[in-house]
Amino acid sequence: MNRRTILILICVAACILPVVYAVFDPSSSAFFPRCPLKVLTGYDCPGCGSQRAFHALLHGDIAAVVRYNALFLPAVALAALLLMPDRFAPARRLRSSVWLPWAVGGVTVAWWIGRNLI
């Protein structure tokens, strides 16, 4: 596959996936994948609940988003910031930051441990 075909497929998926998540509820639809860690161990991974959170976000239910995965909204905000063009100074500084991967990793591990202790 050439680069253009891959880009077209990514764009098509980016247009179709939100529609699928808006129409179908991941908590009641069998065709959405389940978390392998949750299935095998019973413990939540840091991303558990993200599909349901995305569905709730598309329906404007922010309380449900936080209930399903409290790290989802900050992760979406950070991803949006990192995808900003270079002329946007905060995004440029974040992308070149040495501490960002460590901070994201630390928060993710803390969230992973914390959500399984409560």
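**Cysteines and pockets**

Tutor: Let's start with Cys15, which is exposed, with a relative accessible area of 56%. Keep in mind that this is a predicted model.

Student: Okay, and how many disulfides does the structure hold?
Tutor: The count is 0 disulfides. Cys15 is in none, and the nearest cysteine sulfur, in Cys11, is 6.8 Å away.

Student: Switching topic: how much space lies in the largest pocket?
Tutor: About 380 Å³. Its lining has 19 residues, and Cys35 and Cys48 are among those that lie nearest the centre, along with Gly49, Ser50 and Arg52.

Student: Which helix gives the most to that lining?
Tutor: α3 does, with 3 residues.

Student: And how do the lining residues divide by class?
Tutor: For the largest pocket you get 8 nonpolar, 5 polar and 6 charged.

Student: What's the second largest pocket like, by class?
Tutor: Its lining has 9 nonpolar and 3 polar residues, with no charged ones. The space there is about 210 Å³.

Student: Which elements each supply at least two residues to it?
Tutor: α5 (72–82) and α7 do. Among the lining residues of this second pocket are Phe72, Leu78, Val104 and Ser50.

Conventions:
Residues are numbered from 1 along each chain as its sequence is written. This is a predicted model: local features need pLDDT of at least 70, side-chain atom pairs count only at pLDDT 80 or more; totals for chains, interfaces and linings use all residues. Side-chain values use heavy atoms; hydrogens and water are left out. On a 1 Å grid over the protein atoms alone, a cavity is a set of points where a 1.4 Å probe fits but cannot get out, and a pocket is an open set with protein on both sides within 12 Å along at least five of seven lines; lining residues have an atom within 4 Å of a point. Grid points are joined across faces, edges and corners, and a volume is the space filled by probe spheres set on the points. Helices (H or I, at least four residues) and strands (E, at least two) are DSSP runs, numbered from the N terminus. Ala, Val, Leu, Ile, Met, Phe, Trp, Tyr, Cys and Pro count as nonpolar, Asp, Glu, Lys and Arg as charged, and the others, Gly among them, as polar. A disulfide is a pair of cysteine sulfur atoms within 2.5 Å. Buried means under 20% relative accessible area, exposed over 50%, partly exposed in between (1.4 Å probe, protein chains only).
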